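Reader: I am new to this structure. Please show it, and then I will ask about a few of its residues.

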Amino acid sequence: MINMKIASEVAEAKSKNTPIVALESTIITHGMPYPQNLEVARTVEADIRAAGATPATIAIMDGTLHIGLEDAQLEALAQAQNVAKLSRADLAICMARGGTGATTVAATMIAAHLAGISVFATGGIGGVHKGAEHSFDISADLAELAQTPVTVVAAGAKAILDIPKTLEVLETYGVPVIAYGQDDFPAFWSRSSGLAAPLRLDSPADIAAAQVMRAKLGLPGGQLVANPIPQTDEIAAETLGPIIAQAQSEADAQGISGKAVTPFLLARIFELTDGQSLEANIALVRNNARLAAAIALEMSKSPA
Ligand code: PSU
Ligand code: MN
């Protein structure tokens, strides 16, 4: 038996087989500054409810795996300092020691699957970092997508990553990378990365049917749905390019490595864009939450 607490709202949705959307907590603790992080966490949950699904924000608190957080827990997490950032490698140790930690995409997928939730919305996934040919910095999110059957809705991969290499690794791992409603693979703050996505689907029903078919075929793993940021909220790639390059060279100069890289880059880009990157980030997470709810709704009609 694992120490898992399913929030009452989520438990009710499960028993009625109504749609549920999992949400990660690293975006709250390491991806955005307080108090905007708390506001976003609440708003995204509200978006999912408005779309007819139940949100389940996932985190480890005092050794318990929480599937769905009460508002007071969300508030505590948003303000907490030095929270662990948990991925596949450190989830078990944190729980075994009674610790507290925020879940990345990889750890959230593991937890969602344990709780019987098959759709998850986030901002962007981790991927292959620029310079990975030297640093070997490849997010555990990619290997997770290859083995855990959860559909992850993200706005593509952040432009802080090496997008061509990220797509190559996903292809090697056999992860379906599906652009939603367009041909191009989106680049988080921008609608296009300039690269075509390997696959394209135009409806939540098709995305749900694809995941169900994967399970029927006995194929492990999930799918990455790459949902472009709404047009009105995007930041042009040309504007961001030099800023990302500056943040990256600062990270290199300061010897930032491992888990610290992504949070460092996000925080620097936030400062260097005077908060504009955060506005875009909020808009795209909300957009992803709405699409994830629509996919979850379709999945609840045809359980695998
Ligand atoms: N995307 C965001 N904000 C974030 C992250 C992704 O817009 O905070 C987090 C996710 O939790 C993702 C993690 O799983 O960064 C990737 O970290 P790393 O690159 O260290 O694997
Ligand atoms: Mn990494």
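Reader: Where does K158 lie?
Author: This is a predicted model, in which local features need pLDDT of at least 70, side-chain atom pairs count only at pLDDT 80 or more, and totals for chains, interfaces and linings use all residues. Residues are numbered from 1 along each chain as its sequence is written, and chains are lettered from A and ligands numbered from 1 in the order in which they are written. Helices (H or I, at least four residues) and strands (E, at least two) are DSSP runs, numbered from the N terminus. K158 is in the loop between β8 (151-154) and α9 (163-172).

Reader: Is K158 buried or exposed?
Author: A residue is buried if 20 or more other C-beta atoms, placed from the backbone, lie within 10 Å of its own, exposed if 12 or fewer, and partly exposed in between. Because K158 has 26 other C-beta atoms within 10 Å, K158 is buried.

Reader: Which residues does the UniProt annotation "active site" cover?
Author: The annotation comes from an unreviewed UniProt entry. UniProt positions are given in the numbering used here, feature names are shortened, and annotations may be inferred rather than shown by experiment.

Reader: Which residues is E24 in contact with, leaving aside neighbours within four places in sequence?
Author: E24 is in the loop between β2 (20-23) and α2. Contact requires C-beta atoms, placed from the backbone, within 7 Å. With those neighbours left aside, the contacts of E24 are I58, T103, T104, V105, T108 and T122.

Key:
Contact = placed C-beta atoms within 7 Å.
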